[in-house]
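Here is a short tour to read alongside the sequence and the 3D view. Take your time with each part.

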Amino acid sequence: MKKNYEKTIEVFLIIGIVFILEIILLFYLSNVKLLEYKVYSIILLEENDALLVVPKDEKSIEFLAKAVELNPNDVIAKFYLAYEYKQTNQDDMAIKWYNEVLKLNPDYSWAYYNMGIIYSQKGDYTNAVKYLEKTVLLNPADKEAVKLLVKIYSKNKKYTAAERQLRKTIHDLPNDADFYYLMAQIYKELKSNINYTKYLKYTIQKGATFSGNIEKVKLELASLDKNKTKTKISGKTKP
């Protein structure tokens with residue numbers, strides 16, 4: 001009787017130990033997945049600069065795809081996955097994942113900007129303008145987006161749109177010489193020499209913030225003034 005009682009206790013102990021081990025295993029496996037996701041999140045959120053210098057290959061994509069698999073709502077992981085596809089010249093996949101980013105966060109301006117770049121490089125200026133305009137609407141201080149948008153407008157001879165955008169940007173960023181210079185080039189194309197001259201002078205006044213060679217701007221202005229003098233001299237009539 002005592003032996004049977006001891007055996008029963010042993011059976012229950014074994015069942016209990018197995019049950020506890022199963023719980024521990026499940027807990028461990030769930031934590032492994034959680035820990036794995038946390039590792040990806042730390043790398044993506046805290047070390048994203050380091051991520052940008054890794055070789056642009058399928059390993060980068062595999063790494064980021066795993067992060068997305070672990071958390072389909074990870075906007076940052078999806079953004080960098082799209083970015084890596086772009087870096088490896090897989091533009092269609094990049095566009096697909098940027099769209100996935102925008103489904104989760106419709107106000108993610110960098111996704112719009114990067115899509116604008118892709119379409120611009122494809123020569124699809126209609127879509128490029130669409131996404132760049134959205135970028136600037138969400139983030140008017142995005143200088144690179146404004147510059148690219150204005151260059152596309154100019155390339156397609158949409159000077160009125162370029163002028164309108166530059167006026168808004170100059171209003172928001174009044175000390176950035178680059179936008180005054182872009183405006184000068186618009187007026188040059190429109191053959192408005194008065195405004196062309198005016199904005200070249202503004203560029204020189206704001207020269208400390210100019211990203212180009214300010215000496216070339218000064219030469220450009222001097223050349224314009226010289227041409228004006230020649231025009232005045234050659235324009236005299238005989239008495």
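## Overall fold

Of the contacts in the protein with a separation of 6 or more, 48% are between residues 24 or more positions apart; a contact means heavy atoms within 4.5 Å. This is a predicted model, in which local features need pLDDT of at least 70, side-chain atom pairs count only at pLDDT 80 or more, and totals for chains, interfaces and linings use all residues. Residues are numbered from 1 along each chain as its sequence is written, and side-chain values use heavy atoms, with hydrogens and water left out.

The protein has twelve helices and zero strands. Helices (H or I, at least four residues) and strands (E, at least two) are DSSP runs, numbered from the N terminus. Of the 239 residues, 35% are buried. Buried means under 20% relative accessible area, exposed over 50%, and partly exposed in between, with a 1.4 Å probe and protein chains only.

## Aromatic rings

You will find twelve aromatic pairs here. Rings of Phe, Tyr and Trp (its six-membered ring) pair if their centres lie within 6.5 Å; planes under 30 degrees apart are stacked, over 60 edge-to-face, and the rest tilted. Tyrosine 181 and phenylalanine 210 make an edge-to-face pair, with 5.5 Å centre to centre and 65° between the planes. Because tyrosine 181 belongs to helix H10 (residues 177-189) and phenylalanine 210 to the loop between helix H11 (193-205) and helix H12 (214-234), the pair ties together parts 29 residues apart in sequence. Tyrosine 181 is partly exposed, at 22% relative accessibility, while phenylalanine 210 is buried, at 14%.

One aromatic cluster is formed by Phe79, Tyr80, Tyr83, Tyr98, Tyr108 and Trp110. Elsewhere, the charged end of lysine 147 sits over the ring of phenylalanine 179, 6.0 Å from its centre. For this, NZ of Lys or CZ of Arg must be within 6 Å of the ring centre and within 35 degrees of the ring normal.

## The largest pocket

The largest pocket holds about 200 Å³ of space. On a 1 Å grid over the protein atoms alone, a pocket is an open set of points where a 1.4 Å probe fits, with protein on both sides within 12 Å along at least five of seven lines; lining residues have an atom within 4 Å of a point. The volume is the space filled by probe spheres set on the points, which are joined across faces, edges and corners.

Lining residues include Glu133, Tyr153, Arg164 and Asp172. Helix H7 (125-138) and helix H9 (159-172) are the elements that give two or more residues to this lining, and H9 gives the most, with six.
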